[in-house]
Amino acid sequence: MESVTLPPIHEDRSALDLAAIRADFPGLNQLVHGKPLVFLDSAASAQKPRAVIDALSDAYTKNYANVHRGVHTLSQNATTAYENARAVGARFLGASSADEMVFVRGATEAINLVAQSFLAPRLTAGDEVLVTRMEHHSNIVPWQMVCEALGARVVPAPIDDHGALDLDAFEQRLGPRTKMVSVVHVSNALGTVNPVAEIVRMARERGIPTMIDGAQAAPHTAIDVQALGCDFYTISGHKVFGPTGIGLLYGRRERLADMAPYQGGGEMIQSVSFEGSSWAPPPSRFEAGTPHIVGAIGLGAALEYVSAIGLDRIAAHEHDLLHYAEERLSTLPQVRLIGTAPGKAAVVSFVVEGIHAHDIGTILDAEGVAVRAGHHCAQPAIEHFGLAATARASFALYNTRSEVDGLVDAIGGALEIFGV
Ligand code: PMP
């Protein structure tokens with residue numbers, strides 16, 4: 001029998017090569033107040049890998065021109081790179097075609113676009129948009145703006161004291177008046193991972209369109225919009241290691257085709273005359289004006305970067321960090337975790353008895369530990385816990401257990417300073 005050389009067996013196939021990953025992110029390698037930076041604010045905006053920085057630099061230095069209009073080589077190259085990024089986005093989200101992907105400024109713009117272009121023309125007085133109490137303001141206010149103008153209202157489904165959605169109460173609120181369901185996939189304030197497949201199934205059974213805010217899901221979780229069956233899904237470039245000012249809206253083909261444009265201008269038309277203008281097919285219809293060409297290319301590079309590492313491995317690593325952080329913080333009785341839903345993502349919101357969240361943020365910063373303090377643009381979620389603010393440590397693929405130690409030690413230092 002012929003002998004076969006087997007590939008080496010790795011002890012832990014899910015483990016990330018953290019030294020190599022950290023070397024990819026130049027922003028991590030610096031001192032803050034003379035201490036090595038411990039960056040635990042990725043839920044607000046993530047650091048950028050060299051692959052993204054290089055893609056931006058190349059796009060500006062080697063192949064920069066406006067897209068779609070030019071016959072010259074640079075314009076054709078820029079157009080190819082821009083459209084390639086759209087195709088990468090479609091693959092990343094599991095869309096059936098790149099035509100279902102609209103470049104937007106971020107999750108906020110995507111939700112405003114759907115509220116204005118999709119919902120507004122379908123809404124009448126007395127109608128409802130069902131969201132949850134844990135939404136980011138960007139998944140509340142755009143719907144309120146549309147609803148208030150038309151005599152409709154935004155209805156929140158309740159959450160429990162762990163920060164988990166009350167799914168039964170959610171289902172009870174789905175009624176004949178519900179014209180839209182829009183739900184966050186992963187909460188930025190609490191880390192809760194919502195059962196979005198179940199939510200979409202409940203809404204679809206009743207013929208209600210669905211939107212998922214995936215701003216916090218994309219850096220941590222594999223997404224498949226076709227398996228989910230949602231009508232709209234959005235991700236934000238800067239949260240997934242890409243540039244700011246760029247994001248993607250997935251819209252199911254039939255939905256996008258049935259929507260009028262959100263903004264008018266160049267690029268989004270079929271023809272223009274003073275008698276009237278006609279719209280280009282989606283997605284161009286929703287991309288009026290010169291787009292954020294280089295941002296889109298950078299986002300494509302970011303999505304390729306995380307895909308190459310593997311979202312399952314990233315999730316396993318972050319869960320390890322989360323459990324380690326929870327274990328270590330449980331040794332400090334003054335610390336109370338806000339958001340303890342089962343299966344949550346690696347976002348640790350907390351309050352410290354006797355110390356304001358902003359003071360925690362400032363004291364930790366002096367130790368080089370970057371966390372966020374405030375309501376995290378999710379005031380109703382934080383108020384549910386009777387609070388105005390929390391401190392929040394959020395983890396990404398590049399964080400380490402020793403950074404968790406840095407966080408816990410810095411909180412210990414704050415306890416000493418305040419004598420609590
Ligand atoms: N939704 C969630 C859950 C978020 O965390 C954020 C950003 N903090 C947004 C929406 C808004 O995203 P963007 O910055 O892309 O507008």
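I note that two strands count as paired if DSSP finds at least two bridges between them. The model I examined is a predicted one.

**Entry 1: the open sheet**

I looked up the partners of strand S16 and found that three bridges join S16 to strand S17 (residues 390-394), the two running antiparallel. Within S17, Ala391 is the residue that stands opposite Ala373. I then traced the whole sheet: it is open, has four strands in the order S13-S14-S17-S16, and its pairing is antiparallel. Strand S13 (335-338) and strand S16 (372-374) each have a single partner strand and stand at the edges, so one side of each lacks a neighbour in the sheet. From one strand to the next, I recorded an average twist of 35 degrees.

**Entry 2: a hairpin**

I turned to strand S11 (residues 269-273) and strand S12 (residues 276-279), which run antiparallel and are joined by four bridges. The hairpin between S11 and S12 passes through two residues. Ser271 stands opposite Ser278 in S12.

**Entry 3: the nonpolar cores**

Which residues have the most contacts inside the largest nonpolar core? I found Leu93, Tyr233, Ile235, Phe241, Leu397 and Tyr398, in a core of 52 residues. Helix H10 (293-309) is one of the elements that give two or more residues to this core, and H10 supplies its largest share, nine residues. At least three residues come from each of domain 1 (18-32 + 311-418) and domain 2 (53-308).

I listed the contacts of Phe241 beyond four places in sequence; among them are Phe25, Pro49, Ala302, Leu397 and Tyr398. I also noted a second, separate core of 29 residues, including Ile355, Val369, Val371 and Ala414.

Conventions:
Residues numbered from 1 in each chain as written. Predicted model: local features only at pLDDT ≥ 70, side-chain atom pairs only at ≥ 80, totals over all residues. Heavy atoms only, no water. Axes fitted to C-alpha atoms, helices over the stretch in contact; angles between N-to-C directions. Core = buried A, V, L, I, M, F, W, Y, C linked by side-chain atoms within 4.5 Å. Buried < 20%, exposed > 50% of the residue type's maximum accessible area, 1.4 Å probe, protein only. Domains from an automatic or database assignment. Contact = heavy atoms within 4.5 Å.
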